[in-house]
Amino acid sequence: MGTSLGAFPSSSAAGVKLLNGQYEVLTALPLPGAGGGLPAFAARHQPSGRTDFMAVRASPGAPPRANALARLEGEVIPGLLTPLAHGPGPAPEGGEAYYVICPEPPGPSLAAPAASGSPWGEAEIVHYVLRPAAHVLEALKSRGLTHRAIRPDNIFSGGAKNPVVLGCAWAAPPASLQPAVFEPPYMAMCAPACRGEGSIADDVYALGVTLLTLALGRTPLAELDTEAIILRKLSRGSFEALAADAELPSLLADLLRSMLAEDPAHRPSPALLLDTSTARSRKVTTRPPRRAQRPLTLNASPVWDVRSLAYQVATHPEPGARMLRNGAVTDWIRRELGANQMASTLEELVRWRAREGGTEDRRADSILVLRAVAVLDPLAPPAWRGILLWPDGVGPALAAAMAKGNEELAELRDFIISHAITLWAAQQGSRVDATTLRQQAQQMELWLRARDWETGIARLAYALNPLMPCASPLLRGRWVISAAELLKALDAAAAQPEVRRLAPMDTHLAAFIAVRQDHSFYLDVWEAARAGAPARLVLAELNLLVAVETRNNLGPLPQLSAWVGEHAKAALELWHSRTRRAALQQQLQALATGGRLQPILTLLDDPTALQADAEGLQHALARIGEIDAELAQIAAGSSTRAALAERIGREFAAGATLAALTAALVAAALG
Amino acid sequence: MPKSARRLDTGHPRSLLWVEGALCGIAAALSPGTALLLVGLLAPGLVSLALDGAPGKPMARAVLLAGVTASISALRQLWLDGASLDAALNLLEDPLRLGTAWAAGATGWLISELAPIITRLLLDARSLIRAKELRAERERLEAEWSLPAGHPPPTSPPPAS
């Protein structure tokens, strides 16, 4: 792209945070259009001094693709901007951001005015776009990966008659930045975060639309909104919808017809695309759906075919469920489309719905819609209360919903605990691996299981998104993805007085530690402690933090230990002996300045000392009982003392007078 | 209540009363002077003997013993003077001798009345000190073991009446 870094000073000075210890993100030097829809900045490789790199910035609600980054990092695939490194770096506005380092694009994107002004010729398209891209897709396919960001503005060319380079697709969830027109309708109907990794066939589709765009010199259906594009593709088939009116070269038309097939299984593989003459001879496509004579009106929209019906039912679940239950859908299918088998299956689903729940049972309605959509259009993704998402899109969907903090989180939770994925897979037959999907769904349920649903959903989100940063408010402005970094970030955050007023643990921190450090046991203890005494909660918090500290062999964390020390005072309430508490408090103050958490926990969570303290309390209570009994005896002993005093007094009088008499007699006798 | 019955209530067997009466009669017959002197000097004791209804007659006993103590020198003088009635009357006419004997009886009465009260005061004081010690220990335990003051100790023992 030709960034000019000549005048940009080398910041090898101390204090510059290097990404992965090697790359400096030059936030003052943005690279517009280079990040495939994400902000990108120039980056400098410090060891070599090279500056032909870019840092693509991720957003917290759309975490980078951990699987792709792990498999591609350091690999070189010609024609692809492969990731070289990734990690947190400085954000232009301050704080931290997460970047994926890639080579800088070789030139402008194909969407740049110079490249997109006039239609491309067939030979140019095949030689400089189709074949290089097919090579890249084949390489990705062999690694079990997809690109999912193929579109003109993310394909770059180093100049005329140069093969193109596919841009960076690793800093955001798969296909999350793809416009609807470049995605198969069954992907486009999902929210951007819900599209999942997909398959290489989806990349072939996107490549097909890209080729069409280049051939036309404009983006097809640019005048339509997303829903209109989806409905047009569903009702006519993608090729017809996109290229019906276009005059395309025959080779390209044949290729696009198969590349834009609705069914991913009907699209050619990347390897096949390398041999265009073989690929064009492939004539396997899905037939457009049968159009009814009279439409079915659903949610005030006329529906003419079964795919559009599935889409409308999926996106408008309440009227859809109502029309399924009252038989309007099955009647229409049977009468207008003659699909008796499909109608019978739907009627069976409705009967199941009637058996399973009452008329107001929302979950039973949701399951009815989920299964009905799968019957109406087997290519459609699972549909749950208006949310369409592929099973492998659950993670990014959770991350997006968590960033927005909206009600979608509760719906996604219901989606998982209602076994929607398993139910959907059961309707799919051999199209999907039902066993694997069921296992994945069970694993999700396991992560989700928690006393508090917010903790469960956070735990699931962190488990499914390895590069999603901890969303704790205590770590605002920091991108923390590992438990070891978490304590360091907390140590840094503890320097802020407003943070120190809060407890050093919250739902996000606990769920994050449980997932990233595999300490679910301490999460359970923490959750149980939340309902109990503050002292127990403090110990549970400490246990979580210490579990991270001990496993990661971290250095001193003075700010964090001081912070923990302040909040750990509540744990002293576990001791009943005031003397012991005072001694512990002194020790705690000393340990809080030591920068280690383990000694604080050892001091406060000492079962032997606690047992001795409890026994001391029991002895004290017993002694108090004795004292009370003796005091009661004293209070009630007035009459006894009076009788005793009377007796003693009389005896004393008798004794005294008798003694006097004796003395007198002795005196008389002695004369 | 008949007199005999009241005397029985004091615990003296009827036969013992008769023996006492007989012995007194014999003593008076053998030495009327001594008897007269004793009756005169021990009059307060004899009165208290009649009035004291307590078992064992502790007050009368103290008065009599004190009276006898003060009467020894008079009895000795009587016996030196021949123990006649005249000698007894002469001795009884001495107001100092009679007053001393009666004052001794009064002292005996005073001792018998004050001794129980003083003893009661001492016992109550000892109980108060003990209760104070116990309450202090209880408060110390409550403070040391962070116990709520939910179980107040019993009230202080009432003062001696």
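**Note on a two-chain predicted model**

The centres of domain 3 and domain 4 of chain A, taken over C-alpha atoms, lie 43 Å apart. This is a predicted model, where local features need pLDDT of at least 70, side-chain atom pairs count only at pLDDT 80 or more, and totals for chains, interfaces and linings use all residues. Residues are numbered from 1 along each chain as its sequence is written, while chains are lettered from A and ligands numbered from 1 in the order in which they are written.

1. **Domains of chain A.** The assignment for chain A lists domain 1 (23-103), domain 2 (113-281), domain 3 (296-452) and domain 4 (469-605). Such bounds come from an automatic or database domain assignment.

2. **Overall form of chain A.** Chain A has 30 helices and 11 strands. Here helices (H or I, at least four residues) and strands (E, at least two) are DSSP runs, numbered from the N terminus. Chain A is more spread out than a compact globule, because its radius of gyration is 37 Å, well over the 26 Å that the globule rule gives for 671 residues. That radius is taken over C-alpha atoms, and the rule is 2.2 Å times the number of residues to the power 0.38. Along its principal axes, the C-alpha trace of chain A spans about 165 × 70 × 35 Å.

3. Of the 671 residues in chain A, 48% are buried. A residue is buried if 20 or more other C-beta atoms lie within 10 Å of its own, exposed if 12 or fewer, and partly exposed in between, with C-beta atoms placed from the backbone. Two residues are in contact if their C-beta atoms, placed from the backbone, lie within 7 Å. In chain A, 66% of the contacts with a separation of 6 or more join residues 24 or more positions apart.

4. **The nonpolar cores.** A nonpolar core is a set of buried Ala, Val, Leu, Ile, Met, Phe, Trp, Tyr and Cys residues joined through C-beta atoms within 7 Å. The largest has 206 residues, and Ala55(A), Ile101(A), Val373(A), Leu398(A) and Leu542(A) touch the most other members. Helix α5 (residues 200-216) of chain A gives the most to this core, with 11 residues. A second, separate core holds 28 residues, including Ala60(B), Ala74(B), Ala88(B) and Ala115(B).

5. **Ile101(A).** Leaving out residues up to four places away in sequence, Ile101(A) touches several residues, among them Leu19(A), Tyr23(A), Phe53(A), Ala55(A) and Leu84(A).

6. **An enclosed helix.** Helix α21 (residues 483-493) of chain A is largely enclosed by the rest of the structure, because eight of its 11 residues are buried. The buried ones include Leu486(A), Leu487(A), Leu490(A) and also Glu485(A) and Asp491(A). Their cover includes α22 (497-500), α23 (507-516), α25 (534-552) and α26 (558-567) of chain A.

7. **Asp414(A).** This residue lies in helix α17 (residues 408-417) of chain A. Asp414(A) is partly exposed, with 16 other C-beta atoms within 10 Å. Arg385(A) is 29 residues apart from Asp414(A) along the chain, and their C-alpha atoms are separated by 9.7 Å.

8. **Chain B.** Chain B has seven helices and zero strands. Of its 161 residues, 31% are buried. Residues 24 or more positions apart make 70% of the contacts in chain B with a separation of 6 or more.

9. **Where the chains meet.** In all, 38 residues of chain B contact 36 residues of chain A. On the chain B side, α5 (58-80) and α7 (95-144) each supply at least two residues. α7(B) gives the most, with 20 residues. The chain B side divides into 21 nonpolar, nine polar and eight charged residues. In this count, Ala, Val, Leu, Ile, Met, Phe, Trp, Tyr, Cys and Pro are nonpolar, Asp, Glu, Lys and Arg are charged, and the others, Gly among them, are polar.
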